[in-house]
Amino acid sequence: MDHTLIQQANLVIYDKPDDDPTWEQVDLADLPLVDEDGFEINVYNPDGFCIPRQKPTGFETCGALLDLKKVHELFQGTEDAHGHVQNEVTGLMLTFACRVMQLNTAICEDDRAARHNVDDDDDDDNPMIPNCHLPALLGISSQIYNSLSHHVHTKAKFHVVQLGMVTSAYAGSSAKSVTGKHHWERWVKFCEQGMPHVRFSQKVSGDGQPQTLQFENTYILDISRMHPNLHTGSMIYDWVICPLLKMWSHPSILAPIKDVLVAFQPNIILELFKCVTYPIMVLIDLIWGKHVEDLKAGKMMDPCMIEFMSMLECMLNYAHTGNAAVLCKKLMDHAWLSLGLIQDGFPCLSNTFLAHGSLQSGQIIMQSNSWPVKLATHHPLTSSKQCQELTYGQDHYKVSLT
């Protein structure tokens, strides 16, 4: 790019962002385009944003994930002796604090005139006088996720690995009503035609699948605290929405994010989903293969097997969504499954539930005699309650407990 055109579009150019106190004004005519290693020497406008000096001749999209050993650096937190990080406050990434404060200064009404000649003791009691300590724009939370999961379907409730299909097929073997039997037959046929993880793999196969890492911030905007001239939709768009979008490209925000990212070759993200869930998928396939003929013959499934399958599908759900709320921890902690997932990222299984030796011989032997129960009612702990009630009704679930 012609440096004279860049200089004309940016009358003042600096060698560092605006948050660096050592920044100095530079003249592009005297500044090399690249350093000794061949990397572009960045320059910045007075607002601290990088000014491009070159145009890309080509690029290729790829997937990215977070380095979980470093991601806590984006947030305010402390690390304990075991290496676990606890966030001290909720909200946005720390790097947004300064920029959001500057934005609030630009959009908030200067209330000094409103407070002129008003006693300080009366300020807190007068609802007509705004509180200068409360901002118009308040950051609430940050969310980071890979777009692949969202691509499978526009609504999470239709994500195939979140529906509990196999659990529904197992639990419906005891259905009594005509409607319940119809649902059961439909789920058995659905699983026969393709297991949930197989259907997911089919949906994300092929080139051109979205793999980007999405960053989202959530804010609350109190329009009453903004300057009256900014209360229209167009002004809010120009003064709030656009600056918030542009904020992501500021070096003080972009650089720390780059430091915690791990970029992958194209289409590798697709294989990662399959790789990390492979043991769960193999066990689900093994159990399904052992019982599919019994299901088709109308035999009633062992309730312990129903709950074990539900736990496996909960783990598969967690692997795709990262949402710990899908884990039924009261039961799954006893099985060590959720303990392993939350603490180490890898599920482990106690032989209290499943005889480990049986797996080596291709058998599935449940330890039903040692199944954990509720202390108050002595009912067995379950994982499939929501799945059964949504598919077959509350009465069906209660019958399965008695």
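Contact here means heavy atoms within 4.5 Å. The model is predicted. Its protein chain has 18 helices and eight strands, and 36% of the 402 residues count as buried.

**Chain overall**
- Among contacts between residues at least 6 apart in sequence, 65% join residues at least 24 apart.
- The accessible surface comes to about 24,000 Å², and carbon and sulfur atoms account for 55% of that surface.

**Nonpolar cores**
- The largest nonpolar core holds 52 residues, of which Y170, I287, W288, F308 and M311 touch the most other members.
- Two or more residues of this core come from each of α6 (165-171), α7 (178-193), α11 (268-276), α12 (278-296), α13 (303-321), α14 (329-332) and α15 (337-344).
- With eleven residues, α13 gives the most to this core.
- Leaving aside residues up to four places away in sequence, I287 touches Y170, M305, F308, M309, L312 and I364.
- Another core, of 23 residues, lies apart from the largest one; F75, L103, L230 and L244 are among its members.
- In soluble globular proteins, nonpolar side chains tend to be buried together.

**Packing of α12 and α13**
- The axes of α12 and α13 are 10 Å apart, and the two helices pack at an angle of about 150 degrees.
- Because angles over 145 degrees count as roughly antiparallel, α12 is roughly antiparallel to α13.
- The crossing of α12 and α13 is left-handed.
- On the α12 side, the contact is made by I280, M281, L283, I284, I287 and H291.
- On the α13 side, M305, F308, M309, L312, E313, M315 and L316 take part.

Definitions and conventions:
Residues are numbered from 1 along each chain as its sequence is written. This is a predicted model: local features need pLDDT of at least 70, side-chain atom pairs count only at pLDDT 80 or more; totals for chains, interfaces and linings use all residues. Side-chain values use heavy atoms; hydrogens and water are left out. Helices (H or I, at least four residues) and strands (E, at least two) are DSSP runs, numbered from the N terminus. Buried means under 20% relative accessible area, exposed over 50%, partly exposed in between (1.4 Å probe, protein chains only). Accessible areas come from the Shrake-Rupley method with a 1.4 Å probe; for residues, only the protein chains shown count as cover. A nonpolar core is a set of buried Ala, Val, Leu, Ile, Met, Phe, Trp, Tyr and Cys residues joined through side-chain atoms within 4.5 Å. Axes are lines fitted to C-alpha atoms, for helices over the stretch in contact, and angles run from 0 to 180 degrees between N-to-C directions. Angles under 35 degrees count as roughly parallel, over 145 as roughly antiparallel, 65 to 115 as roughly perpendicular and the rest as oblique. A crossing is left-handed if the near helix is turned anticlockwise from the far one by less than a right angle, and right-handed if clockwise.
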